[in-house]
Amino acid sequence: MKACGQIRDMEAERCFTRMCTLTSQVRNTRAEYNIPPKERVPLAFWCGDKQLSEALQTERLAVAWLTRSDPEKVEVHPFDSRGAVPAEV
């Protein structure tokens, strides 16, 4: 798509928007559970979207910094590797 004489990458914009949403959700969850800003927490993302999964993996350190998470404990996994959820859950 062209905008103002420039070409826009709609997939990249969609992926960026989703990453911003994820960052906001992590920050909101930290606030909801009163997790102090200095406490570095682990994060695990389970993605069904290959492009988003690759972006999260590539930008893992930036995501950790923006969410105040432990950069050594940010994980990105394909959604299909989660396994079955027990019926009683």
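This is a predicted model: local features need pLDDT of at least 70, side-chain atom pairs count only at pLDDT 80 or more; totals for chains, interfaces and linings use all residues.
## Packing of α1 and α2

Two packed helices are described by the angle between their axes and the distance between the axes. For helix α1, which spans residues 10-32, and α2, the angle is about 60 degrees and the axes lie 10 Å apart. The two helices are therefore oblique to each other, since angles from 65 to 115 degrees would count as roughly perpendicular and those under 35 degrees as roughly parallel. The crossing of α1 and α2 is right-handed.

On the α1 side, the contact is made by E11, A12, R14, C15, R18, M19 and L22, which meet Q51, L52, A55 and L56 of α2. Sorted by class, the residues of this contact comprise 7 nonpolar, 1 polar and 3 charged.

## Faces of α2

Helix α2 covers residues 50-58. Its buried residues are L52, S53, A55 and L56. Viewed down the axis of α2, they fall within an arc of 165 degrees, so they line one face of the helix. L52, A55 and L56 also take part in the contact with α1. The cover over the buried residues of α2 includes α1, β3, α3 and β4.

K50 and T58 are exposed on the other side of α2.

## Position of Q57

Q57 also belongs to helix α2. Its relative accessibility is 36%, and Q57 therefore counts as partly exposed, because that class lies between the limit of under 20% for buried and that of over 50% for exposed. Q57 and V74 are separated by 17 residues in sequence, while their C-alpha atoms are 8.7 Å apart in space.

## Faces of α3

Helix α3 consists of residues 60-67, of which V63, A64 and T67 are buried. The exposed residues L61 and W65 are carried by the face of α3 that is turned away from its buried side.

After α3 comes R68, which has a positive phi near 55 degrees.

Note on methods: Residues are numbered from 1 along each chain as its sequence is written. Side-chain values use heavy atoms; hydrogens and water are left out. Helices (H or I, at least four residues) and strands (E, at least two) are DSSP runs, numbered from the N terminus. Buried means under 20% relative accessible area, exposed over 50%, partly exposed in between (1.4 Å probe, protein chains only). Axes are lines fitted to C-alpha atoms, for helices over the stretch in contact, and angles run from 0 to 180 degrees between N-to-C directions. Angles under 35 degrees count as roughly parallel, over 145 as roughly antiparallel, 65 to 115 as roughly perpendicular and the rest as oblique. A crossing is left-handed if the near helix is turned anticlockwise from the far one by less than a right angle, and right-handed if clockwise. Contact means heavy atoms within 4.5 Å. Ala, Val, Leu, Ile, Met, Phe, Trp, Tyr, Cys and Pro count as nonpolar, Asp, Glu, Lys and Arg as charged, and the others, Gly among them, as polar. The arc is that of the directions from the helix axis to the C-beta atoms.
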